[in-house]
Amino acid sequence: MSKKRNQPVRGLKGIVAADTAITFVDGQNGKLYHRGYELDELASKVCFEEMVYLLWFGTLPTASQLEDFRSELVAEMRLPNQVWDIIKLAPPNANPMVLLRTVVSALGMFDPDGGKNTEAANIRKARRILAQVATVVAHMNRPKDEPIRSADGRMGFAENFLYLFNGKIPRKLDQDVVNTTLVLHADHGLAASTFAARVTVSTLAGMHSAIAAALASLKGPLHGGANRAVMEMLEEINEPRKVKAYIKGMLQTGQKIMGFGHRVYQTEDPRSKHLRGYSQKLSKKAGTSHLFEISQKIEQEVLEQKGIRPNVDFYSATVQSALGIPKELFTCIFALARTAGWTAHVMEQFNDNRLIRPTSNYTGGFDLKYVPINQR
Ligand code: ACO
């Protein structure tokens, strides 16, 4: 018996799966828009809190709205004691993204708005999740013999994050770079992780479930996990003169170069140029200019040999490394930033929800007859 088949679109490439007013990725022209503002217009002008406000509420805040929003956000940068206990149970070598995903799931059990999906409850949950993710990620860098630090209401979000991360008031340059890095990673349309979040809440599961699903998806090296893989590649190459042969070898054996290529961009990823600039400046200051030099050579070789350009993950590796962030935590920093976008998409999905449930093309057989177990 044969049944009519529709050919699936592999990887859903080019499929429009939602209407959104949050972000537009113009892949053809290499432009990125958030709520109507082009990324270049926002990148070095807004602080992360301003960007989050824009993504969640659709407009840039006034000075007093920003001040209120910032203090509400910073006030939520604490975890219930039971969640600290869960964190303490993690093995010392736990994958940081697995730990973060687990902790976000756990936070769902203790959230006072856990079972509520109203607009007001979702805003409160989004604020709490974003603030708590910052605390969890910062904690992962804390030497285990040091006490748990608390956020300081006099500082902004990026500054507080760095303070919790390093245990000291950050330098202005580091604060600015982290701020811009968070802004650059805050949202990117229907990336795999964002789609996972929207699929999850389309069943009316709550925001914590959606963010846990998004974190699970971001972890993979074809998505957010690429920045860590980039650093491993740079360390493996180690010398600029080895780049050409390394890239040739990778491409000849059909391997992907991490931090390159993108499903939507047919030209340069507009986030890359900002990160390239920071990478150059910070690597020089950190005495790791050779890593920037290797990165530039890789960019040149991959373009020449395969015609592919870097994505956001490529230069974010050297930026984060120059800031002293261990490579194991790179993807968690990405996750922190993208929590802003995921939560915005969750709220948008709730506002006009329909269950997301595509169909598949069945490739198995039909009309088989059951054979009793003793006759097989
Ligand atoms: N290195 C080498 N070749 C590549 C790369 C790469 N990084 N990316 C794409 N290609 C090639 C593919 O081999 C394929 O070539 P072919 O037509 O000769 O077979 C062609 O480009 C199309 O690639 P696909 O993998 O089919 O493209 P897709 O849109 O499915 O995948 C993806 C996009 C996953 C980002 C891919 O480019 C990739 O694996 N990149 C490396 C991982 C990475 O950097 N991920 C981060 C993405 S950005 C983000 O998530 C924040």
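View 1. Between domain 1 and domain 2, about 2300 Å² of area is buried, and carbon and sulfur atoms give 64% of it. Buried area here is the accessible area (1.4 Å probe) that two parts lose on being put together, summed over both. In domain 1, the residues that lose the most area to domain 2 are Leu184, Lys327 and Phe330, together 26% of what that side buries. This is a predicted model, in which local features need pLDDT of at least 70 and side-chain atom pairs count only at pLDDT 80 or more, while totals for chains, interfaces and linings use all residues. Residues are numbered from 1 along each chain as its sequence is written, and side-chain values use heavy atoms, with hydrogens and water left out.

**View 2. The two domains of the protein chain.** Domain 1 covers 23-220 + 327-351, and domain 2 covers 226-322; these bounds come from an automatic or database domain assignment. Taken over C-alpha atoms, the centres of domain 1 and domain 2 are 26 Å apart. Contact (heavy atoms within 4.5 Å) links 29 residues of domain 1 with 28 residues of domain 2.

**View 3. Salt bridges between the domains.** Domain 1 and domain 2 have two salt bridges between them. The term stands for a side-chain nitrogen of Lys or Arg within 4 Å of a carboxyl oxygen of Asp or Glu. Look for Lys327 and Glu235, whose side chains meet in a salt bridge (3.2 Å, N to O).

View 4. Helices are DSSP runs (H or I, at least four residues), numbered from the N terminus. Nine of the 10 residues of α2 (residues 48-57) are buried, so this helix is largely enclosed by the rest of the structure. Buried means under 20% relative accessible area, exposed over 50%, and partly exposed in between (1.4 Å probe, protein chains only). Among the buried residues of α2 you can find Phe48, Met51, Tyr53 and Trp56, and Glu49 and Glu50 are buried too. After α2 comes Gly58, with a positive phi near 90 degrees.

**View 5. Gly277 in helix α13.** Gly277 sits in helix α13 (residues 270-286).

Methods:
Helix = DSSP H or I, 4+ residues; strand = E, 2+ residues; numbered from the N terminus.
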